[in-house]
Amino acid sequence: MFLDCTDWLKKYDKTQKELLQRGWDYGIGWQDGGLFQGPTSIRLNLASPTFCIEDAL
């Protein structure tokens, strides 16, 4: 799944790198969407446990 994080990043004054690290800190398997032409997007692995995704977001 690809998530466009543009609005979230602006709202919380965070960088893409900070958001990615936060996810990994919570055990979320996701990647920088820049690799897929989405500079403020995240590629989310839906095989992550739901509680981890909820905590991270």
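Mentor: Setting aside residues up to four places away in sequence, Gln16 touches Cys5, Leu9, Asp32, Gly33, Pro39, Thr40, Ser41 and Ile42, where contact means heavy atoms within 4.5 Å. Before we go on, keep in mind that this is a predicted model: local features need pLDDT of at least 70, side-chain atom pairs count only at pLDDT 80 or more, and totals for chains, interfaces and linings use all residues. Residues are numbered from 1 along each chain as its sequence is written, and side-chain values use heavy atoms, with hydrogens and water left out.

Gln16 sits in helix H2, residues 16–25 (helices are DSSP runs of H or I with at least four residues, strands are runs of E with at least two, and both are numbered from the N terminus). Gln16 counts as buried because its relative accessibility is 11%. Buried means under 20% relative accessible area, exposed means over 50%, and partly exposed is in between, using a 1.4 Å probe and protein chains only.

A polar atom of the Gln16 side chain lies 2.6 Å from the backbone oxygen of Ser41. Ser41 belongs to strand E3, and it is buried too, with a relative accessible area of 13%. Leaving out neighbours within four places in sequence, Ser41 is in contact with Leu3, Asp4, Cys5, Gln16, Gln31, Asp32, Gly33 and Gly34.

Ile42 is another partner of Gln16. With neighbours within four places in sequence left aside, Ile42 is in contact with Met1, Phe2, Leu3, Cys5, Gln16, Leu19, Leu20, Trp30, Gln31 and Gly33.

As a general point, nonpolar side chains tend to be buried together in soluble globular proteins.

Back on H2, have a look at Trp24. Trp24 counts as partly exposed because its relative accessibility is 49%. Not counting residues up to four places away in sequence, Trp24 touches Gly29 and Trp30. The C-alpha atoms of Trp24 and Ala56 are separated by 8.7 Å, although the two are 32 residues apart along the chain.

Asp13 lies in the loop between helix H1 (6–11) and H2, and its phi is near 50 degrees, a positive value in a residue other than glycine. Asp13 is exposed, with a relative accessible area of 68%. Gln37, in the loop between E2 and E3, isn't a glycine either, yet has a positive phi of about 70 degrees. Gln37 is exposed, with a relative accessible area of 74%.

Leu35 is found in the loop between strand E2 (30–32) and strand E3 (41–44), and it counts as exposed because its relative accessibility is 63%.

Conventions. A polar contact is a pair of N or O atoms within 3.5 Å; within protein, one must be able to donate a hydrogen and the other to accept it, and residues adjacent in sequence count only if both atoms are side-chain atoms.
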